[in-house]
Amino acid sequence: ALPTYGGDSRVLIDGQPAPLVAAAEDRVTAVLPASLGVSTLIEVEYQGERSHGVRLPVADAVPGIFTIS
C-alpha cells in the first residue's frame, strides 16, 4: 500500500486522497483509481492549503508491454 500523504502534500481525486508514488518540491506523482467516471476533479493540498480544483476529462487507456524482435 502506498501512502496518501508525503512531503507535506497530498492529491485529492474527487475529494478522496490518492496513493502517492513520489512527492518533490516541484511535483507530486499519484495513482489514479480505475473507477473514474468520464471526468474527475483533481486538487493538490500542500501544508493544509488546498488548490483550486481542476476538472479533467478521463479517457480509456490500454497499457501494454511491447517488444521488438
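Burial, charge pairs and fold

User: Does Glu43 count as buried or exposed, given its relative accessibility?
Analyst: Glu43 has a relative accessibility of 11%. The classes are buried (under 20% relative accessible area), exposed (over 50%) and partly exposed in between, with a 1.4 Å probe and protein chains only. At 11%, therefore, Glu43 counts as buried.

User: What kind of model do these values rest on?
Analyst: Residues are numbered from 1 along each chain as its sequence is written, and side-chain values use heavy atoms, without hydrogens or water. Local features need pLDDT of at least 70 and side-chain atom pairs pLDDT 80 or more, while totals for chains, interfaces and linings use all residues, since this is a predicted model.

User: With which residue does Glu43 form a salt bridge?
Analyst: A salt bridge requires a side-chain nitrogen of Lys or Arg within 4 Å of a carboxyl oxygen of Asp or Glu. For Glu43, the closest N and O atoms of the pair are 3.7 Å apart.

User: Which residues do salt bridges with shared partners join into one network?
Analyst: The side chains of Glu45 and Arg50 also meet in a salt bridge, at 3.6 Å from N to O. Glu45 is buried, with a relative accessible area of 12%. Through shared partners, one network joins Arg10, Glu43, Glu45 and Arg50.

User: Are the two residues in the salt bridge between Arg27 and Asp26 buried or exposed?
Analyst: The count by this rule comes to 4 salt bridges. One of them brings together the side chains of Arg27 and Asp26, 3.1 Å apart from N to O. Arg27 and Asp26 are both exposed.

User: In which strand does Ser9 lie?
Analyst: Ser9 is buried, because its relative accessible area is 6%. Beyond residues up to four places away in sequence, Ser9 touches Thr4, Leu20, Val28, Glu45 and Tyr46, a contact being heavy atoms within 4.5 Å. Residues 9–13, Ser9 among them, make up strand β1.

User: How far apart in space are Val28 and Arg10, C-alpha to C-alpha?
Analyst: Val28 belongs to strand β4, residues 28–30, and is partly exposed, with 27% relative accessible area. Val28 and Arg10 are 18 residues apart in sequence, and their C-alpha separation in space is 7.9 Å.

User: Which residues make up the largest nonpolar core?
Analyst: In soluble globular proteins, nonpolar side chains tend to be buried together. A nonpolar core is a set of buried Ala, Val, Leu, Ile, Met, Phe, Trp, Tyr and Cys residues joined through side-chain atoms within 4.5 Å. Ile13 touches Ala18, Leu32, Pro33, Leu36, Thr40, Leu41 and Ile42, leaving out residues up to four places away in sequence. The largest core has 5 residues in all: Val11, Ile13, Ala18, Leu20 and Leu36.

User: What is the phi of Asp8?
Analyst: Most residues other than glycine have a negative phi. Asp8 lies in the segment before β1 and is partly exposed, at 35% relative accessible area. Although Asp8 is not a glycine, its phi is positive, at about 65°.

User: In which loop does Gln47 lie?
Analyst: Gln47 has a positive phi of about 50° and is not a glycine. The place of Gln47 in the chain is the loop between β5 (39–46) and β6 (49–50).

User: How many helices and strands are there in the protein chain?
Analyst: Helices (H or I, at least four residues) and strands (E, at least two) are DSSP runs, numbered from the N terminus. Starting at that end, the elements of the protein chain read β-β-β-β-β-β-β. The totals are 0 helices and 7 strands.

User: What is the radius of gyration of the protein chain?
Analyst: The radius is taken over C-alpha atoms, and the globule rule is 2.2 Å times the number of residues to the power 0.38. For 69 residues that rule gives 11 Å, and the protein chain is well over this, so it is more spread out than a compact globule, with a radius of gyration of 14 Å.

User: What percentage of the residues of the protein chain count as buried?
Analyst: The C-alpha atoms fill a box of roughly 50 × 25 × 25 Å along the principal axes. Among contacts with a separation of 6 or more, residues 24 or more positions apart account for 29%. Of the 69 residues of the protein chain, the buried share is 16%.
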